[in-house]
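Here is a short briefing on a protein structure. Please look over the sequence and the model first, then read the points below.

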Amino acid sequence: MKKYLNFSLSQKILIICISSLSIFLGMLYIYHIKHAESLYYQNAVTQIYNKITDFKLSVITNLDNNGSIHGLKGLNEECSSLKDSIPFAQYCALIDNNGVSLAHSIPQNVGITYDDDVTKKAINAPTQSMFVSQLPSGKKLIIFSSPLRIVAEEQVGIVQIALLPEALTANLVLYRNKTLVLGLLVVALFCFTLFYLLKINIILPFRRLMDTIVHFFHKGELEVSDQQQSIQEMSELVDFFNDMSENMKRDSFFKIGFAQEVLKRKNAEEYLELSEKKYKSIIDHIHEVIMLTRPDGTLTYISPSCKAVLGYEPAELLNKNLWIAHPQDAERVYEVLKRALGGERGEDFEYRIVTKTGEEKWITHSWQPLKKDNKLQLIVNVIREITKRKHMENDLLMANQDLMKNQELLKDMIQDIHKTQQQLKDTQDQLIQAEKMSAVGLLAGGVAHEVKNPLGVIIQGVNYLSKKLGDKSENVVEVLEMMRLSVKRADNIVKGLVDFAKSPKILLQQENINKCIEKTLNDIGATVDPQKINIIKELQSDLPDILINNTKLEQAFMNLFINAVQAMPDGGTLTVKSYLSELKKLGNSVGRRKEDRFDLGERSVIIEIEDTGEGFNETSLKRAFEPFFTTHGPRDGAGLGLAVCKNIIEMHKGHLFIDSEEGEGAKVYVHLKVEDISEEVPDS
Amino acid sequence: MFKKKILLIDDEVDFGRIVKMNLELLDDSYDVSLARNGKEGVKKAISLRPHLIILDILMPHMNGFEVIKRLKENDKTSIIPVVMLTAKADEESKIMAAQLFNEDYVTKPIEAPELKEKIDAVLKRTQNI
């Protein structure tokens, strides 16, 4: 329906005008036709009666002298003429007062009597009369009758004419049709004229004005103006528009592009509308909950996702304060939200909430205050559920803790393994050392016998030659003495080897270590030059007796003293101290390790042998106790002295170590057990 | 002249010979006989009945301790003092000698004067007994 009503303005004006004109002309036509019909009918009746009157004059002319109507003869032809002169006439008859047909347009009907009511009424009617008679066939006839008076106006009969109804209306229909065609032509002419005038005077100017406005507002063409002034109102409208256009052109705002601004604004509005739709669609479908909060904490907007996250419908929360924090997190949430309502910005604040159904969830909450004139207007909140992530984090944390524990265990295990490995290595080293010592021992045992026999022969030979030839030549004596000393040195080397590979079992006795030290110092003192070597003794007098083997310890101390003296070729001071002390420092065989010989805090007799000689360098210090390692020449020993000393001290379950730096002398420490030493010490 | 008969039992022939020469050079009262192994030593000890026996320990077939054992078992030789002379200078040998046989002990290489002192000391002790 709307489609048909959606006409243009010109079409609407045209339709209204044509409709109005048609109604008007239609009513006019109906009125005119009615009026014309009445006139035309009266005219037709009058013409019929006039013809009847003419017929009657003809009849009177043909009357005989006595004026008897019955003498009329040969009037049938006049009847026929009358009938023919009137369209749609059926018959024409001259009837006397008795109803007998005297003359008739149909000659056969002459002499018949009309006794019908219409004829009777017509005979009795004093004036002209008109009746409507219906034939038995249903056909209607209009009967015109007029009385025939000849003398003194005495009626002698009537003239009767029967007509079909069309006789009165035939011309009327023709007239009506003509009038209608004429009317339609007038309407068509009027419409055309009206349409032409409308188009020229209204539609075309209006369209031009519209185009101008469109150019002006839509395309921003400020130079456009309409000069059309065809009609007064349109002229005024155009003038108004032109004035407005001129004003706009003068206006600076419009000079920089009002039209463009309008266009931009229109585009911006369209973009804004599109953007709003887009963002609304996004907000409606994202998992995060978007909330807008007033400064008083009430909600002005909350996105539909709140149903899934919080369990509430948006309508349930609007214009209300939302408080769903878990009781355990309530305090910190309150503090943070208070800052948020104070205008602070916040990101990724994580806490627990309780949903409408009582379910506990983790969320992360970020918010951004919107301010105007430094006054808080709204707070934009974004809430995202992170329950799964939190559970995963928790699982990860637990797993991490387990991992840390396992790592610690692993570290402990690795440390144990390292420790065990070190112990194994130490044991291996000890075994290797023991194996080496065993091999050396076996070697020494074999060598001792095999070497000492020839040495015995040589020394006996030297003795013999000395006895026999000694007195004869000084050189012989000197050579024999050199041979004797060489044999002695060789013998000492062999003895050292044998001592190094000695039997582990030694005899121990409770004795004062100071006696052993003093005896050895006396022995060494006799061999050194007192001018070069200063010997200082600081022996604690009240030392307890300890289990020792005097001979072995003398051998050990002798080796240590000789080493000290040899370390001071240019002279120096040899200081020997003995004292009782608690071992308070870990290391140097003090501790809880299996290989440690002393417990921390255990009492020990300590002997210090200090020289002011060359000292040990780092390499020498590390290798000092290795068999056959020596820093001296071959005449000063085979490098077994310190190794033998260490073995002897270890036979006593003691410990021997050296503290030295190159060029600053050396200090040898001997720690000996004070108690818990069995009578026979097994292999160290 | 009274001769001090000494029997040296040692498988080292050269050593025995040079010791014999030295001892006899140092003291002409010494009459040193030599045996090159334990078995010969026991035989000579029984036949010669020396005043003192110098006995090497490490010898093939019969070592010094077995020789001592044989000598102690034989009445003719049981009282003869023995000075153990060996290159086996470890403590174990000394302990064994001292504890089992109560004998003196010297180690190679020993110088002739030292050996003479030891022989004289032992002879003196046994004469005192």
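T575(A) is part of strand β14 of chain A, which covers residues 572–582. The model is a predicted one. T575(A) has 12% relative accessibility, so this residue counts as buried. Beyond four places away in sequence, T575(A) touches I536(A), E608(A), I609(A) and E610(A).

- I363(A) sits in strand β9 of chain A, residues 360–372.
- Its relative accessible area is 0%, so I363(A) is buried.
- I363(A) and I386(A) lie 23 residues apart in sequence, yet their C-alpha atoms are 5.2 Å apart in space.
- I386(A) is also among the contacts of I363(A) when neighbours within four places in sequence are left aside.

**Aromatic pairs**

- How many aromatic pairs does the structure hold over all chains? There are 5.
- One of them joins Y91(A) and Y114(A): the ring centres are 6.3 Å apart and the planes meet at 5°, so the pair is stacked.
- Y91(A) belongs to strand β1 (residues 89–96) of chain A, while Y114(A) is in the loop between β2 (101–104) and α4 (117–124), so the pair ties together parts 23 residues apart in sequence.
- Y91(A) is buried, because its relative accessibility of 15% is under 20%.
- Y114(A) also has a relative accessible area of 15% and is buried.
- F557(A) and F561(A) form a stacked pair too, because their ring centres are 6.0 Å apart and their planes are at 15°, under the 30 degrees that stacking requires.

**Helix α15 of chain A**

- F557(A) and F561(A) are both in helix α15 (residues 550–566) of chain A, 4 residues apart, so about one helical turn separates them.
- Why does that spacing matter for direction? An α-helix has 3.6 residues a turn, so residues three or four places apart point the same way.
- Both F557(A) and F561(A) are buried.
- The buried residues of α15(A) also include N550(A), K552(A), L553(A) and A556(A).
- L560(A), A564(A) and V565(A) are on that buried list as well.
- α15(A) has 17 residues and spans 24 Å from its first C-alpha to its last, close to the expected 24 Å.
- At the start of α15(A), a side-chain oxygen of N549(A) comes within 3.1 Å of the backbone nitrogen of T551(A).

**Charges over rings**

- K278(A) lies over the face of Y279(A), 5.7 Å from the ring centre.
- K673(A) places its charged end over the ring of F598(A), at 4.8 Å from the centre.

- Chain B has 5 helices and 5 strands.
- In what order do the elements of chain B run from the N terminus on? The order is β-α-β-α-β-α-β-α-β-α.
- Chain B has 129 residues, and 49% of them count as buried.
- Among contacts in chain B with a separation of 6 or more, 65% come from residues 24 or more positions apart.
- The contact between the chains takes 22 residues from chain B and 20 residues from chain A.
- Together the two chains bury about 1,900 Å², with 63% of it on carbon and sulfur atoms.
- Which three residues supply more of the area that chain B buries against chain A than any other three? They are L25(B), P109(B) and E111(B), with 31% of that area.

Technical notes. Residues numbered from 1 in each chain as written. Chains lettered and ligands numbered in written order. Predicted model: local features only at pLDDT ≥ 70, side-chain atom pairs only at ≥ 80, totals over all residues. Heavy atoms only, no water. Phe/Tyr/Trp six-rings, centres within 6.5 Å; stacked < 30°, edge-to-face > 60°. Helix = DSSP H or I, 4+ residues; strand = E, 2+ residues; numbered from the N terminus. Buried < 20%, exposed > 50% of the residue type's maximum accessible area, 1.4 Å probe, protein only. Lys NZ or Arg CZ within 6 Å of the ring centre and 35° of its normal. Contact = heavy atoms within 4.5 Å. Expected span 1.5 Å × (residues − 1). Polar contact = N/O pair within 3.5 Å; in protein donor to acceptor, adjacent residues only side chain to side chain. Buried area = accessible area lost by both parts, 1.4 Å probe.
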